[in-house]
Amino acid sequence: MNIENAQKQVDDWIKAHGVRYFNELTNMAQLTEEVGEVARIIARRYGEQSEKESDKNKDLGEELADVLFVVLCLANQTGIDLQDAFEKKLDIKTKRDHDRHHNNQKLK
């Protein structure tokens with residue numbers, strides 16, 4: 001699946017199962033909440049904090065998918081072609097960062 005198809009799937013889901021998109025501000029708050037859930041899992045599972053028993057069954061993939069879903073909602077409702085934007089960004093990063101990362105002594 002590419003990003004364009006994912007955006008369409010989300011839009012189709014909203015039309016079939018939702019009443020409408022939440023407004024952009026609500027979705028931004030929702031995105032922040034979902035990223036926080038990802039951060040909690042990463043901090044406790046891979047970081048130095050101990051993992052609480054209640055967090056051990058949390059699915060990181062599911063939480064990342066929640067983040068992706070809200071990002072796709074925001075792109076749809078603001079008229080962003082995320083496939084195109086991502087391809088442009090990857091091109092910019094490739095040109096800008098290739099030598100910088102290869103020459104970064106901290107990454108060796």
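1. Is Gly-61 buried, partly exposed or exposed? Gly-61, a residue of helix H3, is partly exposed at a relative accessible area of 41%. The classes are defined with a 1.4 Å probe on protein chains only: buried is under 20% relative accessible area, exposed is over 50%, and partly exposed lies in between. Between the C-alpha atoms of Gly-61 and His-101, which are 40 residues apart along the chain, the separation is 28 Å.

2. Basis of the note. The model is predicted, so that local features need pLDDT of at least 70 and side-chain atom pairs count only at pLDDT 80 or more, whereas totals for chains, interfaces and linings use all residues. Residues are numbered from 1 along each chain as its sequence is written, and side-chain values use heavy atoms, with hydrogens and water left out. Helices (H or I, at least four residues) and strands (E, at least two) are DSSP runs numbered from the N terminus.

3. Helix H3. The 18 residues of H3 reach 26 Å from the first C-alpha to the last, close to the expected 26 Å; the expected span is 1.5 Å times one less than the number of residues. At the start of H3, the backbone nitrogen of Gly-61 has a side-chain oxygen of Asp-59 within 2.9 Å. After H3 comes Gly-79, with a positive phi near 75°.

4. Burial in H3. Buried residues of H3 include Leu-60, Glu-63, Val-67 and Val-70, and also Cys-73, Leu-74 and Gln-77. The buried residues of H3 pack against H1, H2 and H4, where contact means heavy atoms within 4.5 Å.

5. Helix H2. Residues 24-45 form H2, whose 22 residues reach 31 Å from first to last C-alpha, close to the 32 Å expected. At its start, a side-chain oxygen of Asn-23 comes to within 3.1 Å of the backbone nitrogen of Leu-25. Buried in H2 are Asn-27, Leu-31, Glu-34, Val-38, Ile-41 and Arg-44. In an α-helix, residues three or four places apart point the same way, because there are 3.6 residues a turn. Helix H3 (60-77) is part of what covers the buried residues of H2.

6. Asn-27. This residue of H2 counts as buried at 3% relative accessibility. Leaving aside residues up to four places away in sequence, Asn-27 touches Phe-22, Val-70, Cys-73, Leu-74 and Gln-77.

7. H1 with H4. The axes of helix H1 (residues 3-17) and helix H4 (residues 82-102) come within 7 Å and cross at roughly 150°. H1 and H4 are therefore roughly antiparallel, a term for angles over 145 degrees, with under 35 roughly parallel, 65 to 115 roughly perpendicular and the rest oblique. Ile-3, Glu-4 and Gln-7 of H1 meet Leu-82, Gln-83 and Phe-86 of H4. Axes are lines fitted to C-alpha atoms, for helices over the stretch in contact, and angles run from 0 to 180 degrees between N-to-C directions.

8. H1 with H3. Here the axes come within 9 Å and cross at roughly 85°, which makes H1 roughly perpendicular to H3. Among the residues in contact are Ile-3, Gln-7 and Trp-13 of H1 and Phe-69, Leu-72 and Cys-73 of H3.

Conventions:
A polar contact is a pair of N or O atoms within 3.5 Å; within protein, one must be able to donate a hydrogen and the other to accept it, and residues adjacent in sequence count only if both atoms are side-chain atoms.
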